[in-house]
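Subject: Structure handover and findings

Hello,

Here is the structure for your files. Please open it alongside this note, which goes through what turned up.

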Amino acid sequence: MRWKGIFLLIGILILSGCAGIGPSTVSRDRFDYTAAISDSWKRQMLLNMIKMRYGDAPVFLEVSSVISQYQIAGQINLGATINSNPWSNSEILGATGQYVDRPTITYSPVMGDKFARSLMSPIPPTAILSLLQAGYPVDYVFRMLVHEINGVRNRYGGQARAHPADPEFYSLLEKMQGIQSAGAIGMRLKKIDKDEAAVMIFRGRRDPATEALSAEVRKILGLDPSANEFQVVYGSIPRNDREIAILTRSILEVIIDLSADIEVPAADVQENRVNPTVVERTGSGEKISPLIRIRSSAGKPDDPFVSVRYRNSYFWIDDRDLGSKRIFSFLMFVFTLVETGEKGIAPVVTLPTG
């Protein structure tokens, strides 16, 4: 009777362990995989920025799917030997258990035609306006994602065609930021010749300060001072004074421009492994702070937001540098939000039911 009770108890424990394993893994797996993918994604982005800074080729690898299989199995072995001698009987008891975790992770390299469509196509101007409408600051959006607006050029850090910003560019952003803070910039979509076009709206009369900023923005962009609605198109030069032409960047151009501000080791510059970091200044000689600060050091950083090792140096963003963290996170957000390429076919995975 004593052994029967033990066998029954073991059987109940094994069966109870097998029951309901699936639901209990959802919360744990979702957060664990989300954290792992997020961290690896940030490190991949930072690494590719550094590689392009050094003239190396970027490589992007997407995690297409994550599937986990779990299996718990148990086995009980019972045996008994009965002899005619009442003092020589014996029993055999055995129990085995098995736990198996089989994650299936699918990776897809971004290359070839998919790379060209996804990373080299210009960001649509409607996406620029949508980001402004969502509350992202004008200086973030325009400094990162725009080459020109009505002929007023932003700076660009790419070595092939590096150039500083036009003198009025930062003044334009400052004034537009003031108008945005007052809630006087809006957007809407309307039909023009069966096509959907974006329209930027400088809303009705506000306080005198906002009206003055609006007048200065119209003057810099060469817009009709009496109009409130302006059609937004892709390009450098508008066709008339009621059109705003925005020459946007591709995701690849955004990364190249931001990577130009990465702080690199002095030894690498001296050995001609990488170009020196260019310090941009205003017309009056004042230093213009870069959008993002990515530091480098020989030793591993103590408190990084994200860090990678490349060419025997560590490159990292300080977790206490809130501005750089926001810009880097905004870059990741735009990378996923502004999908200019075609969606690929998701992989088909067949799982056993037994």
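Which residues in helix 5 and helix 6 meet? From helix 5 come Val 138, Asp 139, Phe 142 and Arg 143. From helix 6 come Phe 169, Tyr 170, Leu 173, Met 176, Gln 177 and Gln 180. By type, this contact divides into 6 nonpolar, 2 polar and 2 charged residues. Ala, Val, Leu, Ile, Met, Phe, Trp, Tyr, Cys and Pro count as nonpolar; Asp, Glu, Lys and Arg count as charged; the others, Gly among them, count as polar. Contact means heavy atoms within 4.5 Å.

First, the ground rules. This is a predicted model: local features need pLDDT of at least 70, side-chain atom pairs count only at pLDDT 80 or more, and totals for chains, interfaces and linings use all residues. Residues are numbered from 1 along each chain as its sequence is written, and side-chain values use heavy atoms, with hydrogens and water left out.

Overview

The protein chain has 10 helices and 11 strands. Both are DSSP runs numbered from the N terminus: helices are H or I with at least four residues, strands are E with at least two. Of the 354 residues, 38% are buried. Buried means under 20% relative accessible area, exposed means over 50%, and partly exposed lies in between (1.4 Å probe, protein chains only). Take the contacts between residues at least 6 apart in sequence: 63% of them join residues at least 24 apart.

The core

The largest nonpolar core holds 69 residues. Such a core is a set of buried Ala, Val, Leu, Ile, Met, Phe, Trp, Tyr and Cys residues joined through side-chain atoms within 4.5 Å. Met 45, Met 49, Phe 142, Met 144, Leu 145, Phe 315 and Phe 328 touch the most other members. Helix 10 (residues 322-337) gives the most to this core, with 7 residues. In soluble globular proteins, nonpolar side chains tend to be buried together.

Two packed helices are described by the angle between their axes and the distance between the axes. Helix 4 (residues 125-133) and helix 5 (residues 138-145) have axes that come within 9 Å and cross at roughly 160°. That makes the two helices roughly antiparallel, a label for angles over 145 degrees. Axes are lines fitted to C-alpha atoms, for helices over the stretch in contact, and angles run from 0 to 180 degrees between N-to-C directions.

Helix 4 brings Ile 128, Leu 131 and Leu 132 to the contact. Helix 5 brings Val 138, Val 141, Phe 142 and Leu 145. The contact of helix 4 with helix 5 has 7 nonpolar residues, no polar and no charged. The buried residues of helix 4 are Pro 125, Ala 127, Ile 128, Leu 129, Leu 131 and Leu 132. Just after helix 4, Gly 135 has a positive phi of about 105°.

The axes of helix 5 and helix 6 also come within 9 Å, crossing at roughly 145°. In helix 6 (residues 167-181), the buried residues include Phe 169, Tyr 170 and Lys 175. Gly 183 follows helix 6, with a positive phi near 70°.

Single residues to look at

- Val 146 is found in strand 3 (residues 146-149). Val 146 counts as buried because its relative accessibility is 0%. Beyond its neighbours within four places in sequence, Val 146 is in contact with Ile 128, Val 141, Asn 154, Ile 246, Leu 247, Thr 248 and Arg 249.
- Gln 44 lies in helix 2 (residues 21-53). Gln 44 counts as buried, at 19% relative accessibility. Leaving aside neighbours within four places in sequence, Gln 44 is in contact with Val 59, Phe 60 and Leu 61.
- Pro 122 sits in the loop between helix 3 (112-119) and helix 4. Pro 122 and Ile 251 are 129 residues apart in sequence and 7.4 Å apart in space, C-alpha to C-alpha.

Backbone angles

Most residues other than glycine have a negative phi. Asn 272 is not a glycine, yet its phi is positive, about 60°. Asn 272 lies in the loop between helix 9 (266-270) and strand 9 (295-297), and is exposed at 66% relative accessible area. Arg 311, also not a glycine, has a positive phi of about 55°. Arg 311 is found in the loop between strand 10 (304-310) and strand 11 (313-318). Arg 311 is partly exposed, at 42%.

Best wishes

Technical notes:
Angles under 35 degrees count as roughly parallel, over 145 as roughly antiparallel, 65 to 115 as roughly perpendicular and the rest as oblique.
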